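Please look through the sequence and the structure shown below, and keep both in view while reading.

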Amino acid sequence: MERNIRTIVARTYVRVVGGFREPSWLIWDTILPMLSLSAYIYVYKVMNAPREFTGFVILGGAMIAFWLNVLWSMAAQLYWEKETGNLEPFLIAPISRMAMLMGMAIGGIFNTTIRALGIVAAGILVFQVEFLVGDPFAALIIFALTMIALYSLGMVFASLFLMYGREAWHTSHLLQEPIYFLSGFYFPVKFLPFWLQVAASAIPVTFGMDAIRRILILGEGFQDVSIHVIVLAAFSVILFLMARWALRYMEQMGRREGRLTLRWQ
Amino acid sequence: MEYSVESRNVSRTFKKGKNEGIEGTVRALDDVSIKIRSGELFGLLGPNGAGKTTLIKIFCTLLLPSKGSAYVGGHDVVKDADSVRRIINMISGGETPGYGILTVNENLWFFSQLYGMRGDIAKGRIKELLEAVGLADQGNTRMNRLSSGMKQRLNVARGFMNDPEVLFLDEPTLGLDVISAKQIRGYIRKWVNTQPQKTVLLTTHYMAEADELCDRVGIIHAGRVVACDTPSNLKDMMKNKTVFQFKVAGESDFTRLNSIKGVVGLSWTHHIESDLSTLKVVLADQAAAPEVESALRQPGSKILSLETPEPTLEDVFIHLVGKGLE
């Protein structure tokens, strides 16, 4: 247990320190996303959409930062560790593979939260977004559960990248845009046809997005998002267990087939 | 006796894929059985593709054997991989694991945490190891600013970080300059000498390295261990053989010499710029020597020198396999 905790701390350190030693990303990762968010906001203004839609888009932009971090940074991490020669030392160390990925996840959440707060701050400054925080405690719970579910999903993807390497890039490409659409990053999912709403409910970030908007923009409370909390908690448990199983299965398959540390596959 | 590292009839095959142009399997290891005692520095000597890295990966739990079983510290590498991982480490030559954005000290601290090392203990260990590998003044340098030789020395330091009971060294001096390689070899030898319970399995294709460092050497070729003994006993196999070393100008291919009766094996290196070849011929019988000499005297080529050096491990390899390590 102590070894795994130390591993989590050490891997988090790498992510966080790495982020601060090359801080230029904070500017580009705030300014550039604001360009596409601004386009949506101006479209809504032209359409005379309700004022809260501006806040919806800003929060969606903040959540996209986490989705992209999960899809490209978290998911591909073991692949990059392999390419840089770090994977073998990790795999021969007496540590849980989940501990390694949890360290990456916590570091990723930390750095991305700074990025997300930057987007929200830019949104407040440029577009005067108003937040009616209904229940801060509920907001924290929803945020925490969404992160656990999202980054557990990232760990599942990480196991795919471990085995399939560059082929898994295509899976990430495939998921990026549909998730933008179905999760309601730019508009509430309730405006989609019913069958698409059903499909969207299979994605944890859809529930997190909707709940965060209700609490922070519409001023709703814990009672109004209790179903979201239950669903996100269930997603968190299921995806965490899936990640654990997938990592073990992929690692065993990699050891059997000789592909675990094979590069450029 | 329980051995520190042991393989019992280990075989490993890999499937070739359709997009590699060849279907079927490649047999990387074929019925390999070796036993390494605690405190031994064992060398596995063979050319590229012989199966050395495959065997090390099996011992390090990165690869499953297709057949047979392997044990490290008495633990089965398949059924009890976690117990194996607690007592081992591995250094692969040519690899430079770590994070470029972190300093040397931070990188070593990171790897120490994978073994649950307390901060104060890790700090002392890092200082000791950096001195041993000649990086004492680079502790606060970011890894991405080190030369490739320094990165490899950092990798060596990383491998000793957890003071493993069994250390696997896969061509640890590959790509290092002569002085750095000598320094690393010196540290390895000292580590084993001062800690009699530590075991090292070293793979290399440098005969001199195996000869200098190893208590025993296993010679591996095409996935099979063809001989296993101390370097001096292996060289004793050559006492009834003769080794001739020629320097020949104007010729680069000596394959035809294999058809001469009495030639056990040969190996050569050709220097393109000078058009000179250094040819080693192992003879079962000195009587074949004139015929070899005569075969080398052909239009366009000239014998510049002839020596009969003391047998080396390469000569043992040539005798056993028929050709050199290169």
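The questions and answers that follow ask how some of the terms apply to chain B.

This is a predicted model, in which local features need pLDDT of at least 70 and side-chain atom pairs count only at pLDDT 80 or more, while totals for chains, interfaces and linings use all residues. Residues are numbered from 1 along each chain as its sequence is written, and chains are lettered from A and ligands numbered from 1 in the order in which they are written.

Q: What makes E9 and E10 of chain B a pair of strands?
A: Strands are DSSP runs of E with at least two residues, numbered from the N terminus, and two of them pair if DSSP finds at least two bridges between them. Strand E9 (residues 216–221) and E10 of chain B share five bridges in the antiparallel sense, so they meet the definition of a pair. Among the bridges, B:Ile219 is joined to B:Ala227 and B:Val217 to B:Asp229.

Q: Why is one side of E6 and of E10 in chain B left without a neighbour in the sheet?
A: The open sheet has six strands in the order E6-E7-E8-E3-E9-E10 (chain B), with mixed pairing. Strand E6 (88–92) and strand E10 (224–229) of chain B stand at its edges, and because each has a single partner strand, one side of each has no neighbour in the sheet.

Q: Where do the bounds of the domains in chain B come from, and which residues do the domains hold?
A: The bounds come from an automatic or database domain assignment, which divides chain B into domain 1 (5–230) and domain 2 (240–310). Taken over C-alpha atoms, the centres of domain 1 and domain 2 of chain B are separated by 36 Å.

Notes:
Helix = DSSP H or I, 4+ residues; strand = E, 2+ residues; numbered from the N terminus.
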